[in-house]
Amino acid sequence: MQKPEIIKIENLSKKYHMGEGDFTALRNINLTFGKGEFTGLVGPSGSGKTTLLNIIGSLDNPSEGDAIVLGNAVSRLTHKQSATLRNFHIGFIFQTYNLLPVYTVFDNVEFALLLQKRTVSERYKTVMEALEWVGLTDKAKSKPAQLSGGECQRVSIARAMVKRPEIVLADEPSANLDASNSHHIIQTMKKLNRELNTTFIFATHDEKVMQYLDRIIHLKDGMVEKDEFIQDPKIVSHVSI
Amino acid sequence: MIKFLFKGILNDKSRSLLPVIVVSIGVALTVLLHGWLTGVLGDSIAMNASFNSGHLKVMSRAYAKDDTQIPNDLAMLNADTLTGTLKKSYPELDWVRRIRFGGLIDFPDSLGETRAQGPVVGWGIDLFSPGTSEIERFNLRNSILDGRVPSVPGEALITSDFAGKFKVKTGDTFTLFGTTMDGGMAFKNFTVSGMVRFGSSVLDRGAIIADISDIRKALGMEGAAGEILGYFNNGLYDDTKATALMTDFNRSYASDKDEYAPVMIRLRDQGGMAEYLDIANAMGAIMVSIFVMAMSVVLWNAGLLGGLRRYSEFGVRLALGEEKKHIYRTLLYEGLLIGIIGSIAGTAVGLGASYYLQVVGVDLGDMMQRSTLMMPSVVKTRITPVAFYIGFIPGVFSMVMGNALAGIAIYKRNTASLFKELEV
């Protein structure tokens, strides 16, 4: 069944001024992403993976063409509209977790909801639910420094997911984790992808991540080299956390 | 969000502790310095007013020209009448006659021969009238170390340092030598009724106080007085009112060309008091300005360091969808919270220290042995209502200002680099 389209990238190019000339990070990209996809942008360093994530996440603007995210043309959004789009509809997961060290796990996850001005009781319920998804309800009062790398990344996933975004963008989410933790993290995200029908887009070159992807977009020198839909990705039936 | 920020401030000592300490120290110093200057300048102004200048002073024009030399030969002859007129015309002030003079005191031995001699400055003031305000104005009862305030003609008080130097006791007699207002030689015997210590080196090293009637007799100044001093009934100098009164009084004598016609001057027109008053009035504003500038620079730097340390935090918040404007605003709220905490702590410490120095004081007597300034030897702070907020407002303002300057970098942050920056 065709998945409803939530991201459409049309003739997108991105150039950066470098000294006297321009560096082209993305060249004439045309892609669409459907709701609930579990997609990876794969390619060597400098291939344009992070730049594409930046533009989809409305953190950067295209030089030519456009990215239509949930009906919003990124190039035409104001700073405020971009912030609102990220606040309500896009979650981010970073390679180095980037949790706020002085706050508890609960506070870190709650922050996204504070920005949405949700009520105290609603925030509490939603945060605990998100921590339950990643199996960290017992660590709600812990500080990030008291957690392992895998646990920190699970908090990061809970933070991205707590606002139930349509899209989650993850840049090398397993790069700092060992094999076991990497599998756990990806399985957790896959489970959430299935249960909540959230679109996940990864920038990765981790083979462990690729096993779970149902679509892999290969980028090279800023262009789409190959766009393959995986017929039989690794299925997660149960995630033991 | 406020609760979230408050948690951050409490949990992140490096975000809050240094700024709180800096603000507290700055505020405490401001409060203490204000109390100190208010005390020193206030006491000095009050002492000068009580002993010499009054809030307003009436003299003959000729006397006024050289009033620092106390030219009693140019004193007002009709002082009693004029005092009565002043009391009637300007009842909001207490008008008193004074004769200031300089002279020589001779202490005799048991045979009546000169045992010791020393120069003195003296005051002839109203000690005997029922309900006279001069005893209180000179703080005589509290300043007496031995003996009592003169109660009968022929008695005088002498300052204790002077008495100690010449080994004089209460009950001893001495002769005052001086000059009459006609230029003749004046001398009169007095009995020491007591010894006083005013706490001002310039006074304590040689002064006598006697009733004005005795000094008039001694100096041949019957019915005359060198100066008529006016004091506002509430005890506080009001320059606006003083100026209005002075203008009114002097206008009434404007057409009188007699050089012995009376002239009125304000406290601020005498002996450098204008600078004193201006400094006292401007000190608050000067201190606050210096404080705000210095603290803002320090806190700006602290904010910049904090901003560098929290670089990834701000990046994550931008990525999560927080607007730059909102992050900047939360920084200002943080500054406000930290500023309030620091200012409360600093004000409490500053008031505590000021209170201690108000009670105990600092004895600068040894440093002021040769001083010609009329100010107390034991200088004390004075806590006024202003002390409760003079440090508080700039404390909060400088913290907010510091964060406001440091937070400008948030607006320069390029969101396109966030992923790269946050991967470090």
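In what order do the 4 strands of the open sheet in chain A run? The order is 2-1-4-5, and the pairing is antiparallel. Before going further, keep in mind that what you're looking at is a predicted model.

Let's stay with that sheet for a moment. Strands of a sheet pair through backbone hydrogen bonds, and they can do so either parallel or antiparallel. Here the edges are taken by strand 2 (21-34) and strand 5 (72-73) of chain A, each of which pairs on one side only. Strand 1 (residues 5-18) of chain A lines up with strand 2 of chain A in the antiparallel sense, over 10 bridges.

Now for some helices in chain A. Two packed helices are described by the angle between their axes and the distance between the axes. For helix 3 (residues 105-115) and helix 4 (residues 120-133) of chain A, the axes come within 9 Å and cross at roughly 120°. That angle makes helix 3 of chain A oblique to helix 4 of chain A. Their crossing is right-handed. Who meets whom? From helix 3 of chain A come A:Phe106, A:Val109, A:Glu110 and A:Leu113, and they meet A:Arg123, A:Thr126, A:Val127, A:Ala130 and A:Leu131 of helix 4 of chain A. Sort the residues of this contact by class and you get 6 nonpolar, 1 polar and 2 charged.

Over to chain B, which has 16 helices and 12 strands. Of its 424 residues, 42% count as buried. Take the contacts in chain B between residues at least 6 apart in sequence: 81% of these join residues at least 24 apart.

One helix pair to look at in chain B is helix 2 (residues 13-53) with helix 13 (residues 324-359), which pack at an angle of about 35° with their axes 7 Å apart. Helix 2 of chain B passes helix 13 of chain B in a right-handed crossing. The residues of this contact divide into 14 nonpolar and 14 polar, with no charged ones.

Finally, look at where the two chains touch. Chain B puts 22 residues into the contact and chain A puts in 25. On the chain B side, helix 1 (2-11), helix 12 (311-319) and helix 16 (418-422) each supply at least two residues. By class, the side of chain B that touches chain A has 9 nonpolar, 5 polar and 8 charged residues.

Terms used:
Residues numbered from 1 in each chain as written. Chains lettered and ligands numbered in written order. Predicted model: local features only at pLDDT ≥ 70, side-chain atom pairs only at ≥ 80, totals over all residues. Contact = placed C-beta atoms within 7 Å. Nonpolar A, V, L, I, M, F, W, Y, C, P; charged D, E, K, R; others polar. Buried ≥ 20, exposed ≤ 12 C-beta atoms within 10 Å, placed from the backbone. Axes fitted to C-alpha atoms, helices over the stretch in contact; angles between N-to-C directions. Left-handed = near helix turned anticlockwise from the far one by under 90°. Parallel < 35°, antiparallel > 145°, perpendicular 65-115°, else oblique. Pairing = 2+ DSSP bridges.
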